[in-house]
Amino acid sequence: MTELLIILSPPRSFSSVVSTMIGQHPDLYGFPELHLFVGETVEQVMVHHKHRGRPQGPPGLLRTLADLHDGVQTTDTVLKARTWLDERSQWSTKKLYDYLLEKIHPKIGVEKSPVTVTTPEFIERAYRFYPEASFLHLVRHPVSARKSMFEFVDRKGKSAKLDPATGNAIDPVRLWYNTHINIINFLNTLPLAQGTRIKGEDVLSDPDLYLPQVSEWMGIRTDKVATEEMKHPETSQFACVGPYPARGGNDGKFMMSPTLRPGKVKEPSLMDALEGDMNWAVKEGFAPKLIKLANQMGYQ
Amino acid sequence: MVSVMTAQALTEIGPKDLEHPVAQSASSVTLFQGTLFLAALYQAPSEGQACGALLKYDAASKTWSSVYALPEMGGQAATSSLGVIGDALYLSLAAGDKFQLLCSHDGATFTPVPLAEDGVFSLNRAVSLSGKIHSLPLLFDEESGEWTELPLIVAAADTAAVWEEVSTAGLGDVQNDSIAQLSAFGDTLYVATANATRGFQVWKADPSTEVPYTWTQVLVNGTFKFTAAETVANFADFKGNLYFTSGIPTVSSTKLQSVEIKQPELIRLYPSGEWDVIMGSPRYSPSGFKIPLSGMGAGFDTPFDTTFLSLVAHGDKLYIAAQNGGEFQLWSSKDAEDWEPAVETEFEGKVMGMQVALSTPFGLVLMPAIEQEEEFNSLELFLCS
């Protein structure tokens, strides 16, 4: 049995719903996005978030502390958590993570912070902290992940990242590609069975088939009762909008509508997209490596 | 490992042969009526003629003798295939756009086999089942100047008969690039396709039924390794199950009959259609979570350094010929799960492939393709007994 399950996934790749589902297993505790691997110390994590317009720190971390300290997430308990965190700004993030894992013991933590995969440095920090952890590579079709990223940017009223060289907006499918390469390069260094890859579409389309397989890999219960609990992500204490000032912690769309929708998740055609609004990838010579990586994951 | 034949040994056969280096990649080996036969192709640059000899090996005296001088094949690079169909030994020779098929019932005298129109087929792919020969049609590609296999399966009552198509091209899937392997398993014909978009597929058909056969898809998506399992390199019928190696074909692969694969995995296919990963990475699949039963990942746990050259059942063991960082390895297992090195040997030059891996009554015969500076290298044939 593992000490921690770390889900490695780029943003907009079903990570909130799939991680929450897995975290609902009776032997597991699904954390929201803790973002702890972005720094060596709590102070560094707070600074990282301050620079990104979140001076209170990672909302998922504040909600987790509120939940574990007070058993309830309210503005009061979140502010208490923030104070508690300030008093421990010199703690290493490893010490803080160990603290959280001790609090949830004997349950096993399920970590999912999409920011972790944005640089090899963050992934390597996660591994350095937890070399015995299990790593689950969660993937989603590049076209639907890209569409979801565009929707996210629109919804948040954010502007897309710009290429410093050209000044043009960077297509999110490049983020999809780069983060998966980061993950694959890392997983290729792991011993057998410490890392596996799963398609988010498979989990959502057939949870009864795939969730017990994830449990089997982790060496935890695979019975129907456990699987049934995993099929109800909406019962997670983090599957809703949090109290001010920690409203986030998971994907906003998921928190607004966390119940699993039955039915097969469709996979779009990469070739059609490359003939359409992703045609720039063909013109810029990016398409072959994108197709190759998508094919490796089972996407067409 | 004992060398039964080297370039030096070959030179003892006759003065004429001494003058001609062997085109090893064009030569072929088979077992017929308990005797090992070798079609050795030579190249005589000064004369500009491809030629060669059929030799047979006497296991008791450990000597080779020439039994047949191969017909001249013109000035172009030639290739040979040896195969046994029914009670006859067949030899096919291809040079340029010329293709000859010869047949012998005694291993000494050969007669040309007249081929029906469009009847050129891949002899080394031939599988006899239900009183019919199954193979792949060959087509001469003017652009590459080589004979290439068409991605469909044909069958005929005998080699001179008109071949009938028993499958559609690519088994009806346009993304199937080629037919990677054919194999008889019990009374059933099994076929693996190479697919660079979604990973290999395995299909089966009952050859006793009317043509075209009804094909059943057995495995898809490279057993859910997708394009990391683009093709199947070898099938081996071993102790009641069908085993195969799968992976990514290496750039150096030039002959379809000896495909070397990177990130190589070993899969066990049961007659029921169920399957297990024996060596390879764990994966999620519609038929459950698969963990490697050998406890090893791809390529004996070194997936990026190991290339599988061949898989063959011999005696009560399954053998895998591999190379790891240029070093040749031969592994064996009695149950396909617990593997041990069968031999330790070093070759002068990097082993690039395995031209032949053949089970014979007197041992496992291997003909490795060894990287050498000369285009026509020495012919090295080994016996592992």
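**Close-up views of a predicted two-chain model**

**Figure 1. Ala193(A) counts as partly exposed, because 14 C-beta neighbours lie inside 10 Å.** The model shown here and in the other views is predicted. Where does Ala193(A) lie in chain A? Ala193(A) belongs to the loop between α8 (172–187) and β5 (195–199) of chain A. Look at its backbone too. The phi angle of Ala193(A) is near 75°. That is a positive value, in a residue other than glycine.

**Figure 2. The peptide bond from His105(A) to Pro106(A) is cis.** Its omega is near 10°. Pro106(A) sits in a loop of chain A, with α5 (93–104) on one side and β3 (108–112) on the other.

**Figure 3. A cis peptide bond runs from Tyr244(A) to Pro245(A).** Here omega is near 5°.

**Figure 4. Chain A has 15 helices and five strands.** Its radius of gyration is 19 Å, close to the 19 Å that the globule rule gives for 300 residues, so chain A is as compact as a globular protein of that length. Along the principal axes, the C-alpha atoms of chain A fill a box of roughly 55 × 45 × 35 Å. Of the 300 residues in chain A, 45% are buried. Now take the contacts in chain A with a separation of 6 or more. Residues 24 or more positions apart account for 75% of them.

**Figure 5. Chain B contains three helices and 30 strands.** Chain B has 385 residues, and 46% of them count as buried. How far apart in sequence are the contacting residues? Among contacts in chain B between residues at least 6 apart, 43% join residues at least 24 apart.

**Figure 6. Chain B touches chain A through 16 residues of chain B and 15 residues of chain A.** What is the make-up of the chain B side, by class? This side has seven nonpolar residues, six polar residues and three charged residues.

**Figure 7. Ala108(B) sits in the loop between β8 (98–104) and β9 (111–112) of chain B.** Is Ala108(B) buried or exposed? Ala108(B) counts as exposed, because 11 C-beta neighbours lie inside 10 Å. The cut-off for exposed is 12 or fewer. Set aside the neighbours within four places in sequence. Ala108(B) is then in contact with Val67(B) and Tyr68(B). Find Leu89(B) as well, 19 residues from Ala108(B) along the chain. The C-alpha atoms of Leu89(B) and Ala108(B) are separated by 9.8 Å.

**Figure 8. Phe224(B) is part of helix α3 (residues 221–224) of chain B.** Why does Phe224(B) count as buried? Phe224(B) is buried because 21 other C-beta atoms lie within 10 Å. The cut-off for buried is 20 or more. The phi angle of Phe224(B) is near 65°. This is a positive value in a residue other than glycine.

**Figure 9. Strands β20(B) and β21(B) form a hairpin.** Start with β20 (residues 231–238) of chain B. Phe238(B) stands opposite Asn241(B), which is in β21(B). Two residues lie between the strands of the hairpin. In the turn, Lys239(B) has a positive phi of about 50°.

**Figure 10. An open sheet of four strands in chain B has the order β10-β11-β14-β15.** Are its strands parallel or antiparallel? The pairing is antiparallel. Strands of a sheet pair through backbone hydrogen bonds. The edge strands of this sheet are β10 (127–129) and β15 (164–165) of chain B. Each edge strand pairs on one side only. Follow β10(B) to its partner, strand β11 (residues 132–135) of chain B. Three bridges join the antiparallel strands β10(B) and β11(B). Which residue of β11(B) is the bridge partner of Val127(B)? The partner is His134(B).

Conventions:
Residues numbered from 1 in each chain as written. Chains lettered and ligands numbered in written order. Predicted model: local features only at pLDDT ≥ 70, side-chain atom pairs only at ≥ 80, totals over all residues. Contact = placed C-beta atoms within 7 Å. Nonpolar A, V, L, I, M, F, W, Y, C, P; charged D, E, K, R; others polar. Pairing = 2+ DSSP bridges. Rg over C-alpha atoms; globule rule 2.2 N^0.38 Å.
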